[in-house]
Amino acid sequence: MEEGLVWRFVMALVYVFPAYVANGAPVVAVRLIGTTHPLDFGRKFFDGRRLLGDGKTVEGLVSALSAGILTGVLLWLASPNSFSSVMEPVVLSVGAVLGDVAGSFLKRRAGIERGAPVPVLDQLGFLVTALLLCWAVFGIPRWVDPVTLLLVIAFTGVLHLATNAGAYLLNLKDRWY
Ligand code: CTP
Ligand code: MG
């Protein structure tokens, strides 16, 4: 790899890290907390299917936002130049949560049961939503170019599958994907 590319990839990983934490935190938090309350409060949409389903909980949402924002603020303190302001990692965390919830909404509308896999959407929906929301608010960051972006997307897909498999082996999840 050319040095500029390595550096941009590292900058990209620092940038997206709060979104990763926001996406992963609920799996751990829900196991630690035990009792959970569905984010849609069990309500159904016009199509008679659940609005979001039991895979999206209030506890999961709160843990995602708390962990993502805390990580983002710490990263910003450690490396302020990685973000245009402390609000940027906050918006990334919010975007990751919105993307995750929107993904479940779309899955339920398509009649796909909670936890059933939709490749690409499951692994990358949170990231794409977080990036688009963040870029709409703060502009496109310095590290972005087509190759680095593609690398980050590929890396995220592999990391998502690997961490989910790890969570399954640790008994945090019922399914390996
Ligand atoms: N989770 C949660 N609240 C959230 C997001 C996730 O409680 N807002 C927890 C749930 O226990 C969920 C797990 O994290 O089962 C994994 O999340 P995800 O894969 O997004 O949910 P699925 O169960 O696969 O449900 P869906 O089909 O709606 O994506
Ligand atoms: Mg899932």
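**Notebook: charges and salt bridges**

I began with the charges: the chain carries 14 positive and 12 negative side chains, and the centres of the two sets lie 8 Å apart. I counted Lys and Arg as positive and Asp and Glu as negative, leaving out His and the chain ends. I placed each charge at NZ of Lys, CZ of Arg, CG of Asp or CD of Glu.

Ground rules: this is a predicted model, so local features need pLDDT of at least 70 and side-chain atom pairs count only at pLDDT 80 or more, while totals for chains, interfaces and linings use all residues. Side-chain values use heavy atoms, without hydrogens and water, residues are numbered from 1 along each chain as its sequence is written, and chains are lettered from A and ligands numbered from 1 in the order in which they are written.

**Fold.** I found five helices and zero strands (DSSP runs numbered from the N terminus: helices are H or I with at least four residues, strands E with at least two). The radius of gyration is 16 Å, which agrees with the value near 16 Å for a compact globule of 177 residues (taken over C-alpha atoms; the globule rule is 2.2 Å times the number of residues to the power 0.38). The C-alpha trace spans about 50 × 35 × 30 Å along its principal axes.

**Burial.** I get 37% of the 177 residues as buried (buried is under 20% relative accessible area, exposed over 50%, partly exposed in between; 1.4 Å probe, protein chains only).

**Salt bridges.** How many salt bridges are there by the rule? I count eight, taking a side-chain nitrogen of Lys or Arg within 4 Å of a carboxyl oxygen of Asp or Glu.

- Arginine 8 pairs with aspartate 145, with the closest N and O atoms 2.3 Å apart. The partners are 137 residues apart: arginine 8 sits in helix H1 (residues 3-33), aspartate 145 in the loop between helix H4 (121-138) and helix H5 (146-169). Arginine 8 is partly exposed at 25%, whereas aspartate 145 is buried at 16%.
- Arginine 50 meets aspartate 40 at 2.8 Å, N to O. I place both in the loop between H1 and helix H2 (58-78), ten residues apart.
- Lysine 56 pairs with aspartate 100 at 3.4 Å between the closest N and O atoms. Lysine 56 is in the loop between H1 and H2, and aspartate 100, 44 residues apart from it, is in helix H3 (residues 87-109). Lysine 56 is buried at 15%; aspartate 100 is partly exposed at 28%.
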